[in-house]
Amino acid sequence: MTTETTVAERGTSERLGLVLAVCCAGQFLVVLDASVMNVALPSIRTALHFQTGSLQWIINAYTIVFAGFLLLGGRLADIYGRRRVFVGGIGVFTLASLAGGLAWNPASLLVARGVQGLGAAIMAPATLTVLGTTFTDRERRARAFGLWGAVAAGGGAIGALVGGAITEWLSWRWILLVNVPVGILLTAGALYAVTESRKDDDDRRMDLPGALAITAGLILLVYGIVRSEKEGWSSPQIIVSLGLAVVLLTLFAVNEARRDSHPLVPLGIFRNRSVTAANLVAFTSTAALWGTFFLFTLLLQLVLGYSPLETGFAYLPLSLGIVVAARGIAPLVPKIGPRPLLVAGLLLSAAGLAWLSRAGADADFLTDLFGPTLVLGIGQGLVSASMTVAGTSEVGYREQGLVSGLLNTSRQVGGALGLGVLAVVAAAHTSAVAHGGDVTEGALAAGFDRALLVSALFPLLGVAAALAVPKVRPAQERDARG
């Protein structure tokens, strides 16, 4: 091997490493900011004079807009260029973070959080699309997707620790302001390392009716789900919201089926077993994980008396389990295929949740919480490392953004639905245990434990979808087919 060849390979490897770092950091910001504000809500209430009932909109403004625009964001990356859209998303996200960190009243913070969600919806599909189009070697792609999956799954858990530390040591404003220098560095890294790529043809027409229908439908769907926690599923407001969402999503499906050219989501993509199965796994696994974040945080703080910082540290086994499992298993994905890893990960997730549901009002961290959260983390890490490969490996270059948007949308909608359902289960069981009297710590713990047990059903449902993922073909056959 000549010196010139060695230097060229080293340069290529360094560029790929920078692309991976930029994409994973971007995804980490997106996931982190969906959860990092939770532990800061009491401080924000005092600083900006929020009404207690309005605090949830600090989270919901981000989540609803993020979920609503994900599919559009994914398609924009395919049409207008992955790097251009990625950098644009980072810019919107960074400016909104600056505005949120400088917010002077509740309205200014909520608007900033909504715009942050828009930037995240543009950025998140692009991170996965850039990886899919940059890493063409199967093993390198599997490792890249493994790390991306670990970041996507672990960011929510790490958010509790980051938010607790920043709130306790600095100020809640720095939870948002820290995104500004990070966003500037990400922009520089993307412009330097990421090569521009988009659809081969020059036709950039957008399916505007489809884009409007799916965006509005997803916003109303997620809005109805997240509001159900407070209003109840029988509330007229929730029924109208979900009913309109169903109408809009149906109109979207009809529009896409009838559209001869340039549909936002070609419905034929769902004939691909891997794509459909991966989206169902994303939906069910995230439904369990997001619900667990909510329930576990309340169990720690309301029942066991943990501080925000202690709550963050209690998430370390879950976070480490996700990252270590995803990174460790990634090299095996091209060899054995995603299906066995998805099944194993979902079963471990269900076992961890069932085990965690046995924690009570006097739970000890080492004996009652460490083990189940670690098992859950390992299971989610296996799912994260293999789910992205399953969803994207069998689609063409031009559909990478579309599939990335679909996977992220399934995660968001599944997470919102899981949170809404499990919050209702926890509240109903707590009320039943309390028998109309004072809600004690024991009653709260019983409600959380019941909801955690119910959450174990989500990954079990995901197993059925995982079994539909095609088996991996032998290496010789893959190479022969190209």
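This is a short tour of the structure, stop by stop, with something to select at each one.

**Before you start**

You're looking at a predicted model, where local features need pLDDT of at least 70, side-chain atom pairs count only at pLDDT 80 or more, and totals for chains, interfaces and linings use all residues. Residues are numbered from 1 along each chain as its sequence is written, and side-chain values use heavy atoms, with hydrogens and water left out.

**Stop 1: the whole chain**

Show everything as a cartoon. The chain has 20 helices and 0 strands; both are DSSP runs numbered from the N terminus, helices being H or I with at least four residues and strands E with at least two.

How much of the chain is buried? Of the 482 residues, 55% are. Buried means under 20% relative accessible area, exposed is over 50%, and partly exposed is in between (1.4 Å probe, protein chains only).

**Stop 2: helix α4**

Select residues 82-101, which form helix α4. The expected span is 1.5 Å times one less than the number of residues. Colour the buried residues of α4, including F93, T94, A96 and S97. Keep them on screen for the next stop.

**Stop 3**

Pick Q116, in helix α5 (residues 106-134). Is Q116 buried or exposed? Its relative accessible area is 1%, so Q116 is buried. Which side chain does Q116 meet in a polar contact of 3.0 Å? The partner is R113. (A polar contact is a pair of N or O atoms within 3.5 Å; within protein, one must be able to donate a hydrogen and the other to accept it, and residues adjacent in sequence count only if both atoms are side-chain atoms.)

Leaving out residues up to four places away in sequence, Q116 touches D33, Y62, F93, A96, S97, L176 and N179. Contact here means heavy atoms within 4.5 Å.

Hop to N179, in helix α8 (residues 179-193). N179 counts as buried because its relative accessibility is 1%. Its side chain makes a polar contact of 3.2 Å with the side chain of S97. Beyond its neighbours within four places in sequence, N179 is in contact with L29, D33, F93, T94, S97 and Q116.

**Stop 4: the nonpolar cores**

Select V19, F66, F86, L131, V281 and L342, the residues with the most contacts inside the largest nonpolar core, which has 81 residues. Such a core is a set of buried Ala, Val, Leu, Ile, Met, Phe, Trp, Tyr and Cys residues joined through side-chain atoms within 4.5 Å. Another core lies apart from it, with 30 residues, among them V303, L318, L369 and A456.

**Stop 5: L376**

Finish in helix α16 (residues 365-392), where you'll find L376. L376 is buried because its relative accessibility is 2%. Draw a C-alpha to C-alpha distance from L376 to A351: they are 25 residues apart in sequence and 7.4 Å apart in space. Not counting residues up to four places away in sequence, L376 touches T292, L318, S349, G352 and L353.
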